[in-house]
Amino acid sequence: MEGDIVQMGAYIGAGLACTGMGGAAVGVGHVVGNFLSGALRNPSAAAGQTATMFIGIAFAEALGIFSFLVALLLMFAV
Amino acid sequence: MATEEHSEGLVFHPMDQFQIKPLFGGDTIHMYTPTNATLWMALTILAIFALFVLGTRGRATVPTRIQSIAELGYGFIHKMVEDVAGKDGLKYFPYIFTVFCFIVFSNFLGLLPKAFTTTSHIAVTAILAMAVFITVTILGFVKNGAGFLSLFWISAAPLPLRPLLALIEVISYFVRPVSHSIRLAGNMMAGHAVIKVFAAFAPLVLISTGIGLAVTPLSIIAITAIYALEVLVAFIQAYVFTILTCVYLKDALHPHH
């Protein structure tokens with residue numbers, strides 16, 4: 001019986017960890033949105049900055065991936 | 001472990017596709033057992049070999065179609081290394097291009113039906129990321145000596161803040177291989193699992209009536225859309241892995257902020 005409660009806690013925790021991905025979504029959207037608003041003002045400078053945009057996306061996304069990792073650990077490792 | 005409902009008509013195991021199985025039967029997996037991961041890594045290497053060795057064999061001045069694909073990929077990564085890591089980073093271009101080719105080919109081969117995505121395993125991507133991390137750290141100390149530590153001591157910041165910033169920089173430096181590897185594996189795994197979840201909804205037409213009949217066409221449309229997204233993600237994640245390798249290389253070559 002106690003094992004069941006522990007498992008329930010792990011599943012609830014995994015679900016809660018997934019809310020962190022929403023933060024990553026906001027972050028990635030913010031990066032791309034700002035890139036686009038800058039790029040439309042000065043399209044000639046935009047091409048050189050796409051690599052920077054992808055680096056920004058990668059850093060914003062990393063934290064969302066960590067929450068995904070926590071969810072996976074709760075589901076399969078704990 | 002995920003719950004297993006054998007009483008229901010709708011049974012799905014979206015994570016089963018990532019299981020490692022021995023190729024030639026048997027249950028035990030030793031270090032040397034050929035598994036499906038081995039098979040698909042070998043196919044990845046063969047595909048790269050076919051494109052870059054057999055495809056460019058003619059060395060034509062006016063390239064054939066397959067040769068121009070190889071040249072396009074080569075030029076793309078060459079320019080990226082030069083832009084991000086600088087001219088002196090070009091010395092390390094062969095390694096970066098090898099990593100890029102391996103990741104992009106195993107991502108795309110993993111998209112084939114019934115295929116096994118080798119990059120969806122953290123064990124595989126962790127090796128790739130740790131190789132980059134260890135190489136870059138050693139390279140930084142060899143090139144700059146103790147000056148490499150100035151990467152953590154930000155001289156542009158006010159003096160009282162510097163110890164705190166140094167602590168944050170050190171932590172973020174050691175988290176790099178973690179995020180570097182899990183980003184790739186997580187994206188690959190999540191995308192394939194989502195496709196499998198929708199695929200499990202598709203046969204609902206067989207057991208349901210009424211509004212449940214609408215689920216099947218909707219899930220097939222969803223699979224198509226997510227598959228298209230996955231094709232994009234497969235390339236972008238390889239690109240992101242490579243560009244971060246270039247950024248880390250730049251930090252090792254020029255640690256001064």
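Guide: Let us begin with handedness: a crossing is left-handed if the near helix is turned anticlockwise from the far one by less than a right angle, and right-handed if clockwise. Please keep in mind that this is a predicted model.

Visitor: In which hand does H3(B) pass H6(B)?
Guide: The crossing is right-handed. In general, two packed helices are described by the angle between their axes and the distance between the axes. Here, H3 (residues 93–110) and H6 (residues 215–253) of chain B pack at about 160 degrees, with axes 9 Å apart. H3(B) is therefore roughly antiparallel to H6(B).

Visitor: Which residues meet there?
Guide: Among them are B:Ile96, B:Val99, B:Phe100 and B:Ile103 on H3(B), with B:Ala234, B:Phe235 and B:Ala238 on H6(B). By class, this contact has eleven nonpolar, four polar and no charged residues. As a general idea, an α-helix has 3.6 residues a turn, so residues three or four places apart point the same way.

Visitor: How many residues of chain A are in contact with chain B?
Guide: Eleven, and they touch 15 residues of chain B. The chain A side divides into ten nonpolar, no polar and one charged.

Visitor: At what angle do H4(A) and H5(B) pack?
Guide: About 70 degrees, with their axes 9 Å apart. That makes H4(A) roughly perpendicular to H5(B). Their contact includes A:Glu61 and A:Phe68 of H4(A), and B:Arg183 and B:Gly186 of H5(B).

Visitor: Where is the kink in H5(B)?
Guide: At B:Val175, shortly before the proline B:Pro177, with a bend of about 40 degrees. H5(B) has 40 residues and reaches 55 Å from first C-alpha to last, close to the 58 Å expected.

Note on methods: Residues numbered from 1 in each chain as written. Chains lettered and ligands numbered in written order. Predicted model: local features only at pLDDT ≥ 70, side-chain atom pairs only at ≥ 80, totals over all residues. Helix = DSSP H or I, 4+ residues; strand = E, 2+ residues; numbered from the N terminus. Expected span 1.5 Å × (residues − 1). Bend = angle between axes of the 7 residues up to and from the residue. Axes fitted to C-alpha atoms, helices over the stretch in contact; angles between N-to-C directions. Parallel < 35°, antiparallel > 145°, perpendicular 65-115°, else oblique. Contact = placed C-beta atoms within 7 Å. Nonpolar A, V, L, I, M, F, W, Y, C, P; charged D, E, K, R; others polar.
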